[in-house]
Structure formats: structure tokens, C-alpha cells
Amino acid sequence: CIKANAKHCGECIQAGPNCGWCKKPDFLQEGEPTSARCDDLAALKSKGCPLEDIENPRGSKQVLEDREVTNRKIGAAEKLDPQDITQIQPQKLVLKLRVGEPQTFSLKFKRAEDYPIDLYYLMDLSYSMKDDLENVKSLGTALMLEMEKITSDFRIGFGSFVEKTVMPYISTTPAKLRNPCTGDQNCTSPFSYKNVLSLTSEGNKFNELVGKQHISGNLDSPEGGFDAIMQVAVCGEQIGWRNVTRLLVFSTDAGFHFAGDGKLGGIVLPNDGKCHLENNMYTMSHYYDYPSIAHLVQKLSENNIQTIFAVTEEFQAVYKELKNLIPKSAVGTLSSNSSNVIQLIIDAYNSLSSEVILENTKLPKGVTISYKSFCKNGVNDTQEDGRKCSNISIGDEVKFEINVTANECPQKGQNETTTTIRIKPLGFTEEVEINLQFICECQCQGEGEPNSPICHEGNGTFECGACRCNEGRIGRLCECSTDEVNSEDMDAYCRRENSTEICSNNGECICGQCVCKKRENTNEVYSGKYCECDNFNCDRSNGLICGGNGVCKCRVCECYPNFTGSACDCSLDTTPCMASNGQICNGRGTCECGTCNCTDPKFQGPTCEMCQTCLGVCAEHKDCVQCRAFDKGEKKESCSQECMYFNMTRVENRDKLPQPGQPDPLSHCKEKDVDDCWFYFTYSVNSNGEANVHVVETPECPSGPDIIPIVAGVVAGIVLIGLALLLIWKLLMIIHDRREFAKFEKEKMNAKWDTVS
């Protein structure tokens with residue numbers, strides 16, 4: 001927004017959808033240019049512009065016509081005129097567009113059942129189609145019977161074509177002009193295009209008139225079918241087209257001539273795309289060239305005609321390529337004698353009606369449109385495929401989400417405020433009319449005061465809190481003419497006392513006033529009468545201007561509440577200094593910038609609670625609690641003099657001692673007395689500085705040893721050890737005796753051997 005350098009509110013809102021203009025008259029600081037009124041909304045609020053003084057017009061949509069789509073079944077008793085059937089919703093709306101802000105609306109399409117159909121059969125009557133003509137003669141009534149299954153309102157027409165009536169397409173000898181066929185064949189004179197039967201609901205009349213048609217002939221293979229298609233498309237009154245589904249069946253067994261081929265016959269004028277039927281005959285084939293494919297596409301689309309190419313197998317590839325160039329067209333394979341033409345038409349119609357494709361008219365410069373489709377069975381698409389839905393049946397409903405965005409405002413003199421576009425499904429006459437209204441000016445500009453005395457004696461219009469200068473005038477208040485801009489006398493007003501720098505080298509001197517230059521970072525601003533101030537050269541802390549805890553104004557930090565210091569890096573919050581006993585810095589220091597400065601040299605730490613040479617709270621008060629509660633201990637004799645500084649309360653057991661969470665800081669203590677008994681107490685200091693002690697009235701003393709079990713245990717141990725030793729001795733003696741007996745037996749045996757010898 002800042003980079004847009006907007007001179008007035010209109011330019012500002014065109015810079016982007018998030019840009020706003022502050023119309024508060026005294027909003028600008030001294031030295032700030034008028035363009036500083038334009039900024040994003042959050043920045044304007046932070047600079048002090050009230051919400052009611054910010055111009056920020058938004059786009060909108062308004063639906064003017066919104067008739068529901070028609071629900072109608074085939075065979076229904078109610079007969080509706082085509083103009084009373086609605087297939088697309090809404091029908092008309094207004095979009096107010098602001099640059100860069102898209103407007104979205106939903107479009108609903110439902111293919112109505114029993115919708116009227118006009119079908120025009122255009123046939124190639126060159127000699128090669130002779131056998132086909134016989135089958136087509138009975139087409140009227142047969143096709144009527146088939147189409148009754150689809151619609152109760154069906155009309156059919158017939159036309160034929162051959163070729164341009166000039167050389168080298170036909171022979172121009174008198175005999176050949178009368179009968180272009182050879183031998184005894186009776187053929188009619190060649191012609192370009194003939195409207196044989198305008199659209200009618202009488203099938204018998206179709207059979208009758210087509211039965212009177214005769215084959216003609218020409219010299220070259222490609223035919224002049226494009227001339228005929230053009231006339232069928234643009235001669236709506238003669239053909240009898242209604243605003244219903246329009247089908248054109250193009251039947252041939254040959255290729256086609258297109259734009260440029262007319263030069264062979266000396267025809268160089270491009271096709272004019274107009275109707276030239278006289279007595280149902282195309283009379284300008286010798287004067288205008290064949291139409292181009294693009295020209296045909298345009299006219300078929302303008303007149304909502306869907307084309308079915310019924311061609312023989314030989315030319316399928318050619319016409320399939322042509323189909324890819326013509327939206328809402330289909331190709332069917334025609335048998336050699338056209339016997340399958342009815343089924344071909346039914347299949348092609350079903351194929352065309354199963355797809356809906358949206359198209360829009362030409363968009364104004366700078367306007368874009370995008371589509372998102374919500375098709376059958378949950379199929380969604382965007383971008384180019386978002387324009388269409390396929391595989392839909394008659395009666396199915398599909399939706400599209402359409403975004404329209406203006407990327408710029410129309411230039412002056414080019415429909416500055418409104419324009420109209422239309423969106424319609426290809427092949428259908430219904431459309432959505434969208435009136436585009438561009439928001440290029442602010443509401444406050446209409447409330448401006450021309451030739452206002454505020455703008456230096458009427459040299460500008462005072463609007464939206466600022467002057468819009470007349471031609472040839474400049475300055476914030478239009479106080480100078482363009483001829484005075486570079487005057488040296490003016491520069492003197494832009495220099496500070498005792499300085500040679502113009503606008504402190506941070507701006508330009510325009511009309512005797514400094515207009516401060518802008519920096520690449522739009523958040524950094526020069527200001528002041530001489531551009532001597534800025535908001536980015538203040539002291540920093542932790543890499544942030546004013547430590548992130550203040551605002552830089554004219555190179556000095558203005559700190560937020562609870563912060564002070566040149567860089568707003570000194571916090572006045574004492575929470576970090578609070579000791580565990582609830583005192584600031586444990587009562588042993590002062591809190592400076594959120595940090596304790598310990599005044600007692602014995603104490604240190606973040607809250608002055610650490611003391612390496614000090615007794616703890618419990619040890620400090622142990623002797624006094626012992627003497628007062630139990631009348632013993634080291635201070636028993638001096639208790640009344642030294643230990644009366646606290647209030648003492650006795651409790652029955654430890655559970656009744658005060659617990660953590662009370663307002664006063666609390667210490668829980670467990671100490672030994674002179675009898676090696678444990679006693680429990682708490683020590684706290686209330687807000688009035690009074691010390692309170694709660695002590696358990698009965699110490700926990702260890703009980704003496706039980707002698708009898710000990711003696712019994714010792715005796716039992718001695719007896720058991722003695723028995724164990726006797727058992728071991730007995731075991732050893734048994735082992736020794738056995739060894740001695742074994743030795744005796746051995747020696748006895750040896751004595752027997754000696755006696756024998």
C-alpha cells in the first residue's frame with residue numbers, strides 16, 4: 001500500500017484489497033507525504049486512525065433475477081412455452097468489484113425434461129449421395145416417432161447443398177448447367193445451398209418435399225457445405241429457429257472447402273457472415289469466399305446451434321478433427337446409404353445433452369474469471385475443466401462456483417463504472433447477465449469540496465481529509481505552482497538552523513516544505529518538519545528496536561507500561577524478584593529491571609536466598625521452639641529473655657500443622673531435641689512482620705531395645721552353632737573310621753598271602 005505512492009483515496013483502494021485511506025484531517029505527522037494516508041488497515045489503526053475515519057470500500061454481489069429451475073416431466077399435462085422454461089439460475093446479478101478482491105457466486109444448471117427441439121437436416125445432394133436420398137425421403141415421420149420419446153415438442157426442417165456455381169467447382173457449359181450428370185441420369189442444376197423446408201412439426205410434409213428432391217453434381221470431391229452451414233446459422237427467420245435446443249445434422253460423404261479455396265474460382269472477398277437467402281436460395285456463393293472454421297464456430301455459438309456431422313467411414317478422421325474445433329458438436333458414422341441416420345441422430349443428441357459447457361462473452365480489460373464445477377457423483381474440477389460437467393442425464397442438476405476478479409480499473413473514457421458480461425451453456429439460449437460495477441473511487445470523494453479555501457485559496461478539492469490539487473498546483477495544501485518548485489528561496493525553508501542540509505538529507509524540498517523520502521522497508525518512516533526524525537534509529541536490545549517493549553519516536557524510545565530505560569529493556573515487574581518467602585529479594589536486596597541486587601553481602605542468587613554461611617530457618621529457631629514448647633534445650637535458662645519473639649501454638653499431630661498455600665510464607669521443620677527425640681514445627685511471618693510458630697505437642701522418641709528376644713536369640717544361636725560343630729565332628733570321625741577299617745582289611749589280606757608261602 002505504501003509503495004503505491006497514492007495521491008488520493010481512489011488510487012489507494014486500487015493498490016490492493018487490504019489498503020485503506022485515513023481521512024482524518026490531522027492524521028499525518030509533520031513531513032509525512034499525503035501518500036502516507038494509504039496503508040494496510042492494521043497499520044492505520046496502530047498509527048491512531050479511528051476505524052470510522054478509514055475508507056475501505058468492499059465489493060459485493062446482488063442477485064436481481066433468481067427464478068428457480070423448472071421441474072417438468074415428459075408427458076405432463078402442463079404445457080409451457082419455451083420462454084417459460086428455466087434451466088439456469090440465477091438469471092441476472094450485479095457484481096461490485098474492487099481491484100484484487102474476487103466476487104464469487106453459484107450458478108445452477110438443470111437440463112429440463114421434455115424440452116423442445118428444432119432439428120434441421122442439411123444434406124449433400126452431389127451425385128455420390130444418390131442412394132442416401134432415397135432413405136432420407138421417409139426420415140420425417142420416422143424421426144418424429146423416435147423423438148417423441150425425448151420431447152413432445154419437436155420440429156424438423158430440410159436443406160441441401162452442392163457447390164459454388166463457378167469454375168472449377170462445376171462445369172459451366174450450358175448443357176452441364178442444365179444436367180451436370182453423365183449418361184441418361186436426370187439431375188437437377190447445380191446450386192450452392194437451398195432451404196427446402198423451414199422447420200415444421202409436420203413430418204409428412206418433410207417426406208413430401210424431400211421426395212421431390214433430385215441429385216445434382218459437381219467436378220471436385222470437396223463440397224461447399226460450409227457455405228450452407230453459415231446460411232443455416234445466420235438466417236434464423238427463414239429457417240424458423242426458436243429459442244429452444246437447436247440441432248443441425250450435416251450429412252455428407254465428402255470433405256469440405258474452407259476460407260481461401262474460393263481463390264480457385266476468382267473469389268477473394270471474405271465471407272461476411274450475413275444471411276443472403278432469396279427465394280430460399282443462397283445467392284452470393286459466387287461473390288463471397290467459403291467461411292473459415294473459426295468464423296463458423298463463432299456463428300454457431302452465437303446462435304446456440306449444436307452440430308451433428310453424419311459422415312461416411314472414409315471421412316471420419318477429418319470430421320473428428322473438425323469436431324475438436326467446434327464446441328458442442330458430435331460425429332456419427334453414416335452407412336453407405338444413410339439407413340442408420342435415425343439411430344445416429346439419437347445417439348449424437350444423447351451425447352451432446354450429457355455434457356454442459358459454460359462460456360462467457362469477452363471480458364473487459366483487467367477482469368479475469370475462473371470456474372469450479374460440482375458435477376454428478378461428486379466429481380469436481382477447476383481451471384479449464386471447471387467450465388464443464390459430463391455424463392449428466394436429462395433432469396440432473398449440476399452447480400458451478402464462479403469467481404470474477406478485477407485486476408485494474410477501466411481507463412477514463414472506457415465505460416468507467418459499469419459493463420456487462422454474459423455466461424451461458426454452449427448450445428442453449430438461456431444465459432446469466434452479469435452487470436460489473438467497478439469501485440474505483442471512495443465514497444468520501446463524492447463529498448469533496450471543490451476549490452476549497454483549505455487548499456490555499458481554492459487551488460484544489462478538499463476530499464477524504466486531504467487536498468487534491470488542481471492542474472499546475474502542488475504541495476500538501478496546493479500552495480505552490482509547478483514553476484516555483486525549484487526556487488532557491490524555497491529551499492531555505494527546508495534547512496534547519498545552522499545547517500546546510502536540505503531536509504536533513506532525508507527528503508525533498510517541495511514548495512518550501514520537506515517531503516520525506518520513503519525507505520525500502522515500508523515500516524521505517526522519516527518524519528519531522530526537516531525530516532530529522534525517524535522510527536528506526538533508537539537504541540536496541542536483543543536485536544530489537546526499543547527491545548520490542550516500546551515505540552521509536554524521533555529516535556527516542558517511548559516505552560510501554562512496566563518498562564523503562566533508553567532501549568525499554570528495564571522491566572518494572574517485580575515478579576522475577578519474588579523470593580520463596582513472599583518477600584522481594586528475600587528482604588536482602590533491591591529489585592532493579594527484574595533482577596535482584598543483593599545488598600547483604602552474605603546473600604546471593606536470583607532472589608538473594610542463597611547464604612553459604614547461614615543457618616537454615618529451622619536450625620535458627622530450633623532451640624527457642626524446644627525451650628518454649630518442652631522446657632528443655634540449650635536455651636532453657638534464658639528462654640524468657642531470648643525466645644519471646646514469636647507467637648506459639650501447640651497442635652495435636654503433624655496433620656494439623658499449617659500447610660503450603662496459605663498467604664504467609666511458611667517453613668516446615670523437623671529437628672532433634674536433647675533426648676534424641678524428633679519434634680515438628682512450622683515457622684511463618686505474616687504481613688505485619690509477626691512470627692508465628694505451630695509445634696506438635698508430643699515429640700517422637702525412639703523406644704528402648706527388648707532384652708529377652710535378644711538374649712534368647714543369642715543363646716539359640718550358640719546352641720545351633722554347637723550342634724552344627726558336633727555334627728561336623730561326627731561326620732569327620734565316621735569318614736576317618738571307615739578309612740582305617742579299610743586299611744586294616746587290606747593288611748589282613750596281605751597277611752594271609754604270607755602264610756600260604
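Mentor: A salt bridge here is a side-chain nitrogen of Lys or Arg within 4 Å of a carboxyl oxygen of Asp or Glu. The model is a predicted one, and by this rule the count comes to 24 salt bridges.

One of these joins the side chains of Arg58 and Glu101, with an N to O distance of 3.2 Å. Arg58 sits in the loop between strand S3 (54-55) and strand S4 (60-65), while Glu101 sits in the loop between strand S6 (92-98) and strand S7 (103-110), so the pair ties together parts that are 43 residues apart in sequence. The two partners can also be described by their accessibility. Arg58 has a relative accessible area of 37% and is therefore partly exposed. Glu101 counts as buried because its relative accessibility is 14%, the cut-off for buried being under 20%.

A second pair is Glu68 and Lys108, whose closest N and O atoms are 3.9 Å apart. This pair likewise links distant parts of the chain: Glu68 belongs to the loop between S4 and strand S5 (88-89), Lys108 belongs to strand S7, and 40 residues separate them. Glu68 is exposed, with a relative accessible area of 54%, whereas Lys108, at 18% relative accessibility, counts as buried.

A further salt bridge is formed by Glu652 and Lys656, with the closest N and O atoms 3.5 Å apart. Glu652 is exposed, its relative accessible area being 53%. Lys656, at 49% relative accessibility, counts as partly exposed, since exposed requires over 50%. Salt bridges also link Lys92, Arg422, Glu431 and Glu433 in a network.

Ile707, Ile710, Val711, Val714, Val715, Ile718, Val719, Leu720, Leu723 and Leu726 make a nonpolar surface patch of about 950 Å². Leu723, one of its members, is placed in helix H15 (residues 707-756) and counts as partly exposed because its relative accessibility is 47%. The unreviewed UniProt entry annotates residues 707-729 as "transmembrane region". In the model, this span of residues 707-729 is 100% helix and 0% strand, and its end C-alpha atoms lie 33 Å apart.

The buried residues of H11 are Val341, Leu344, Ile345, Ile346, Ala348, Tyr349, Leu352 and Ser353. These buried residues pack against helix H4 (139-147) and against strands S8 (117-124), S11 (245-252), S14 (305-311) and S15 (329-333).

Burial is found in a loop as well. Ser452 lies in the loop between strand S22 (432-439) and strand S23 (460-463), and it is buried, with a relative accessible area of 0%. Apart from its neighbours within four places in sequence, Ser452 is in contact with Glu457, Gly458, Asn459, Gly460 and Phe462.

Finally, the unreviewed UniProt entry gives the annotation "domain: PSI" to residues 1-50. In the model, that span is 22% helix and 14% strand, with its end C-alpha atoms 18 Å apart.

Methods: Residues are numbered from 1 along each chain as its sequence is written. This is a predicted model: local features need pLDDT of at least 70, side-chain atom pairs count only at pLDDT 80 or more; totals for chains, interfaces and linings use all residues. Side-chain values use heavy atoms; hydrogens and water are left out. Buried means under 20% relative accessible area, exposed over 50%, partly exposed in between (1.4 Å probe, protein chains only). Helices (H or I, at least four residues) and strands (E, at least two) are DSSP runs, numbered from the N terminus. Contact means heavy atoms within 4.5 Å. Patches are made of residues with over 30% relative accessible area and no salt bridge: like charges are joined within 9 Å, nonpolar side chains (Val, Leu, Ile, Met, Phe, Trp, Tyr) within 5 Å. Accessible areas come from the Shrake-Rupley method with a 1.4 Å probe; for residues, only the protein chains shown count as cover. UniProt positions are given in the numbering used here, feature names are shortened, and annotations may be inferred rather than shown by experiment.
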